[in-house]
Amino acid sequence: MTDASIPATTASPETQPSLKRVMGPWLLLLFIVGDILGTGIYALTGQVAKQVGGVVWLPFLLAFVVALVTAFSYLELVTKYPRAAGAALYTHKAFGIHFITFIVAFAVMCSGITSASTASRAFAANLSSALDLGLTGTGWITVVGLGFMALVAAVNLRGVGESVKANVVLTCVELTGLLIVIVIGLMAITAGQGDVSRVLAFKPAADGGLFWPVIAATTLAFFAMVGFEDSVNMAEECKDPSRIFPKVLLAGLVITGVIYVLVSIAAITLVPPEELGEGETPLLKVVQAGAPSFPLWIFGFITMFAVANSALINMLMASRLVYGMSREHVLPAVLGQVHPERRTPFVAIGFTTLLAFGLITFVGEVPALGGTTALVLLCVFAVVNVTVLVLRKDRVAHDHFRTPTVLPVLGALACAFFAGPWTGRDMVQYQIAGALIGIGVLLWFVTVAVNRATGQPTGAPRDGEGHARIGPKN
């Protein structure tokens, strides 16, 4: 980074209207909680139990610790650079290498769009199940998924205020579902039902070891903790982000961490780990075991709304990331256009929605999607933890959060460790991730060609006025 202002060579991004700041601390908290909760806990509890047995809560706790350490790095960066684009922006500022920035941006975008696309198909499947429509195994699942994704795009285009309001409703619904599981579990335990002793029962590996089964299960559970990083892409639509982000992000992580542990304890107390790991509806089995008279179709609808919330938030994140990187000259300027009335990044929303349509239509349910998403994001988190240390030399003109130096070091090492094949990950996850990155490399060459043809620069990161940020604070 230089100490001289670097004027922008194109005025097109700066002539666009800014995004609308509508998110206060409570809306931001609900956004973070809703994004983290998502579909992970509803689907992964049984798979984690398969790995470790009764201590299903332990991998969720370890995943929470890794996420928390990385969240401190995000807090320093988002309060230092309160703009859209998140990890890609921080990478761009730290290294200034267009290729690396693009790959990070593409990886994060893919994780969001792929998760949202899969969530839309899950929404269609749950809708079919809840209404007994018999759509499973037919092309109608794809049609309903496409219709649902179009609805998500319409809400996104309408405005971030409407999107966040929808997120509030959906977050309350999915929170209600998890609280139902917790209450049923506590009532059953106090009534002497279930087997509380299972909470401390390990399922050892074939060689009798306990360490690697827990590590393998943590790589699965980590998918349930991701989502907090999406919030930094909404920085330009938050009120006073440098002030509110630290307390709100940490509070959101703690709330979801506590909920996950309590849900895990309730689940394993009422349902044996072998039975919990069968099928794709582990929490429904918990409700059946603890409250047989509870109308199960209600819980089916709650699950449907939970995956709907995941899709909405992921598409919000992906479109803001594309918008932010366009403003940073990493993507073509056209993707940074903002609707003059709705003040939403309408071109970025259309672009990400088209990609989602393609995934829903031609890819469908990608095997090991949760593990692949977690793998990609762990690699991104390792890079983010490094960028915190690199950017300590960069100065900005306002006060910001500063994390203790030891935390990004530990975060980078932990994320790199959990991304490695020694954790017992299925190799198909690496194959899928490699294919996605390969597509990203091809798109990078296309982006460079478009930038050259249109005169779009790929220079230094800029502030909102088109100049490099300098100042007394670091």
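1. Contact here means heavy atoms within 4.5 Å. In this predicted model, F31, G34 and D35 of helix α2 are in contact with N309, I313 and L316 of helix α13. Sorted by class, the residues of that contact are three nonpolar, two polar and one charged. Helix α2 covers residues 25–37 and α13 covers residues 296–327; the two pack at an angle of about 115°, and their axes are 9 Å apart. The crossing of α2 past α13 is left-handed.

2. For orientation, the overall make-up is as follows. The protein has 17 helices and zero strands. Of its 474 residues, 56% are buried. Taking contacts between residues at least 6 apart in sequence, 83% join residues at least 24 apart.

3. Helix α2 also packs on helix α10, which spans residues 241–270; the axes come within 9 Å and cross at roughly 40°. Here the crossing of α2 is right-handed. On the α2 side the contact is made by P25, L28, L29, I32, V33, I36 and L37. On the α10 side the residues include I244, F245, V248, L249 and Y260. This contact has 16 nonpolar residues, two polar residues and no charged ones.

4. A further helix pair to look at is α4, residues 57–80, with α16, residues 406–418. Their axes lie 9 Å apart, at an angle of about 130°. Angles from 65 to 115 degrees count as roughly perpendicular and those over 145 as roughly antiparallel, so α4 and α16 are classed as oblique to each other. The crossing of α4 past α16 is left-handed.

5. Which residues in α4 meet α16? They are V66, V69, T70, F72 and S73. Their partners in α16 are L407, P408, L410, G411, A414, C415 and F418. The contact of α4 with α16 counts nine nonpolar and three polar residues, with no charged residue.

6. V384 belongs to helix α15, residues 369–390. Is V384 buried or exposed? Its relative accessible area is 1%, and V384 is therefore buried. Leaving aside residues up to four places away in sequence, V384 touches S73, Y74, L77 and A87. One of these, S73, is also among the α4 residues that meet α16. V384 and A71 are 313 residues apart in sequence, yet their C-alpha atoms are 9.8 Å apart in space.

7. S111 sits in helix α6, which runs over residues 98–130. With a relative accessibility of 8%, S111 is counted as buried. Apart from residues up to four places away in sequence, S111 touches N314, T373 and L377.

8. How many disulfides does the structure hold? The number is zero. A disulfide is a covalent bond between the sulfur atoms of two cysteines. For C379, the closest cysteine sulfur is that of C415, at 9.1 Å, which is too far for a bond; the cut-off for a pair is within 2.5 Å. C379 is partly exposed, at 41% relative accessibility. C172 is likewise partly exposed, with a relative accessible area of 39%. C415 is one of the α16 residues that meet α4.

Note on methods
Residues numbered from 1 in each chain as written. Predicted model: local features only at pLDDT ≥ 70, side-chain atom pairs only at ≥ 80, totals over all residues. Heavy atoms only, no water. Axes fitted to C-alpha atoms, helices over the stretch in contact; angles between N-to-C directions. Helix = DSSP H or I, 4+ residues; strand = E, 2+ residues; numbered from the N terminus. Parallel < 35°, antiparallel > 145°, perpendicular 65-115°, else oblique. Left-handed = near helix turned anticlockwise from the far one by under 90°. Nonpolar A, V, L, I, M, F, W, Y, C, P; charged D, E, K, R; others polar. Buried < 20%, exposed > 50% of the residue type's maximum accessible area, 1.4 Å probe, protein only.
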